[in-house]
Amino acid sequence: MLLRVLPLLCLMSASVPTAAGSGDSVESRIAALLDEMTLTEKVGQMSQVHAEGANAPDELGDAIRAGRIGSVINNVDLDVVSELQRIAVEESRLGIPLLFGRDVIHGFGTIFPIPLGQAATWNPELVREGARLAAREAATRGINWTFAPMMDITRDPRWGRIAESLGEDPYLASELAVAMVEGFQGEDLAAPGSIAATAKHFAGYGESESGRDYATTNIPENELRNVHLRPFRAAVDAGVSTVMPSFSDLNGVPASANAFLMRQVLRDEWGFDGFVVSDWRSIDQLSIHGLTADDRESALAAATAGINMEMAGSTYIEHLPALVEEGRIDIATIDAAVAEILRTKFELGLFERPWADLDKLPPTGAADALAASRQTALQSVVMLSNEGSVLPLDADRLSSLAVIGPLADAPYEQLGTWVFDGDPSLSVTALDGLRDLLGDRVDIRHVAAMETSRSRDTAPFDEAVAAAEQSDAVVLFLGEESILSGEAHSRADIGLPGAQAELVRRVRATGKPVVAVILAGRPLTLADIVDDVDALLFAWHPGTMGGAAIADILFGVVSPSGKLPVTFPRMVGQIPIYYSQKNTGKPPTPDTVVHIDDIDPRAPQTSLGMTAFHLDAGYTPQWEFGFGLSYASFEYSDLAVSNAAPAIGEVFTVSASVTNTGDVTADEVVQLYVRDLVGNVTRPVRELKGFRRVTLEPGETRRIDFELGADDLAFYGRDNTLIVEPGDFHVWIGGSSSATLRGEFRLVSAN
Ligand code: GLC
């Protein structure tokens, strides 16, 4: 314990010897430091070093003392982090504190649903609280910087990193990304428990070709601006401290050397004053991309393009000093890069308090964190089907329940991807949750039936079938284990892995009521089981408390209220499929009902409908963006637009009434969509422009108002400038992107 306390006491007493005192402005303190720093010390601030393991102080101590390291990544051992910081603050020449970075993506020790699951809550307040609690836990290990939120827009569930994303829609992703930034950074970045956030991966990573991670992305500037840049702009406007480029080659220039992104857009257009950290060795990958010949040229390209800090590589510390001395990069460029890094360190309060106030931070796994994780999981679960209202199950009418499948009792798997510091011992699995909820009221028969979600051994299915036959109902827990999504874990076939569909069929054959709960890191194609189950819940990877949440929903303690943040395709061949698509010149219509099996071989060439659809899949998804069922039902009525002809710049409201026509209290996420019928560039057939989660008692009607103004209707036109055009608009309010309650307005030029 003494080791743990000693550095802390040192640090708390240490005041950093800087040229400008703490009473001066941050900018003057930055300037004073820059005046004192050597070129090596400046480039040292631009270098982040990987430092796992207890030997880090021995391995890195001398480099830190020499001012050659500005940040450390991936050490969460409090004693080690304390010692590294002590060395920096007390033994380096200028005492500049270190940044300690870690991927705190959806929780630290207490894990929340994966970000895609959090997006399914459509609840910024809940998402903000989750980030705040994650930051608080991370700070107890000396972490003061997270590489989150990830806000890449993607319409490709083959891509493993969709799990980390906030879905397909720029508006929803923007709202939730801002909530996460605010949660991580708090009201005061220097307060105990606040950590710097990172907007990543800038930009367009979600368009990786064929959903293969790290693959090429070709995105027209107009699409980049109207879709992919929007969450990043929102995060920058919300004060995010740092930005991280994607690994991707974007239109021929990898993001880590892309001055259009890092200087023109981020600095010149948006006025971002934080700093940019590369992705893991993404700078030395520039020569692998074939943009540069070697590390020296990569360092030059990245620093020139505006990458302030190099993560885990060494091209900066090895080559930038010489490049400056040769005049190939101006010292002003280095000074600007270092100033932006120092600004974050000052804003974190590290010069006054190099260390979080541990005595003000609860330990990992505190009750409030577990409760928040459970609440988030509860609101993230999406009910996709419920034939004959088989759900909620009734504990008073069931005497036995078969709980079957590889993910029913998988404390690690339910945490999902990017859980470096997750603690599976805290997990409440679905089996745990059901046992806790039901006690001895219902006899639970548990059969895993599969060793992993990919198992093809059907021999154990006999035991599962027997359990089903002996029980009143069956709940199947299927999906993907954690490793099948996340970085570098893309799938070309996004069906249920292994023999899971066969297991469903075998259990279905018993004739018992069958509910399937899917735990996965991405949308899956479920057409081959959807008709073999009576009800389907999609729980994503729900995190530490996922099992308790799922049990509460299965037995009606709470109604499901999640809504899809991403479209679910019928078949992988439909990808990309998303709600906010362009109309095309030959859009399919509901009478475009053709199936490949029904086609007469001699059908005339043009007789099948000459529109944008697939002969074997049609054109609609399995489930659309914004979709989610409830134990209640909701009706929408009386859509009204406060001004049928608003002038550009005028704020007006669109409102409608929503009524809970069911017999249980439940949440509904009310959604507002807009269509700009004619534009300088073609516009999507619908765009989300507002949402509100409301709790309604049975029979209760609530009037929901949404304000719309010029910013909501602006888009980047043909010349890639932001414009608002007069013209006709349709507007919908409802419970999904296929809402039918429609109104319209005509936007007129301001006089
Ligand atoms: C990874 C990821 C990035 C992460 C970083 C540090 O490769 O692309 O999202 O923050 O490296 O772990």
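Predicted model: local features only at pLDDT ≥ 70, side-chain atom pairs only at ≥ 80, totals over all residues.
Author: The axes of helix α4 (residues 56–65) and helix α5 (residues 78–91) come within 9 Å, crossing at roughly 20 degrees.

Reader: OK, and what does that make α4 and α5 relative to each other, roughly parallel or roughly perpendicular?

Author: Roughly parallel, since angles under 35 degrees count that way. The crossing of α4 past α5 is right-handed.

Reader: Which residues in α4 and α5 meet?

Author: From α4 you have Ala56, Pro57, Leu60, Gly61, Ile64 and Arg65, and they meet Val80, Glu83, Leu84, Ile87, Ala88 and Glu91 in α5. By class, that contact has eight nonpolar residues, one polar and three charged.

Reader: Let's switch to the ligand. How many residues surround it, and which are the closest?

Author: The ligand has 13 residues around it, and the closest are Asp103, Arg161, Lys200, His201 and Asp279.

Reader: How far is a polar side-chain atom of Arg161 from an oxygen atom of the ligand?

Author: For Arg161 the distance is 2.8 Å.

Reader: And where does His201 come in?

Author: A polar side-chain atom of His201 sits 2.6 Å from an oxygen atom of the ligand. Asp279 also has a polar side-chain atom 2.6 Å from a ligand oxygen.

Reader: Which strand is His201 in?

Author: His201 is in strand β5, residues 198–202.

Reader: And the peptide bond from Lys200 to His201, cis or trans?

Author: That bond is cis, with omega near -5 degrees. Lys200 and His201 are both listed among the closest residues to the ligand, too.

Reader: Which residues does the other cis bond, with omega about -5 degrees, join?

Author: Phe202 and Ala203. Ala203 is in the loop between β5 and α9 (221–228).

Reader: What about Tyr214, is its phi positive or negative?

Author: Positive, about 70 degrees, although Tyr214 is not a glycine. Tyr214 is in the loop between β5 and α9.

Reader: Back to helices. At what angle do α13 and α14 pack?

Author: Helix α13 (residues 295–305) and helix α14 (residues 315–325) pack at about 80 degrees, and their axes are 9 Å apart. That angle makes α13 and α14 roughly perpendicular to each other.

Reader: Which residues do the meeting there?

Author: In α13 they are Asp295, Arg296, Ala299, Leu300, Ala302 and Ala303; in α14 they are Thr315, Tyr316, His319, Leu320, Ala322 and Leu323. The classes come to eight nonpolar, two polar and two charged.

Reader: And how do the axes of α7 and α8 cross?

Author: Helix α7 (residues 124–139) and helix α8 (residues 170–185) have axes that come within 7 Å and cross at roughly 35 degrees. α7 passes α8 in a right-handed crossing. Among the α7 residues in this contact are Val127 and Arg128, and among those in α8 are Glu175 and Phe184. The contact has nine nonpolar, one polar and four charged residues.

Reader: Last one: where is Pro621?

Author: Pro621 is in the loop between α21 (546–554) and β17 (634–641). Leaving aside neighbours within four places in sequence, Pro621 is in contact with Thr567, Phe568, Arg570 and Ile577.

Reader: And how far apart are Pro621 and Thr525 in sequence and in space?

Author: They are 96 residues apart in sequence and 9.9 Å apart in space, going C-alpha to C-alpha.

Methods:
Residues numbered from 1 in each chain as written. Heavy atoms only, no water. Axes fitted to C-alpha atoms, helices over the stretch in contact; angles between N-to-C directions. Helix = DSSP H or I, 4+ residues; strand = E, 2+ residues; numbered from the N terminus. Parallel < 35°, antiparallel > 145°, perpendicular 65-115°, else oblique. Left-handed = near helix turned anticlockwise from the far one by under 90°. Contact = heavy atoms within 4.5 Å. Nonpolar A, V, L, I, M, F, W, Y, C, P; charged D, E, K, R; others polar. Near = heavy atom within 4 Å. Polar contact = N/O pair within 3.5 Å; in protein donor to acceptor, adjacent residues only side chain to side chain.
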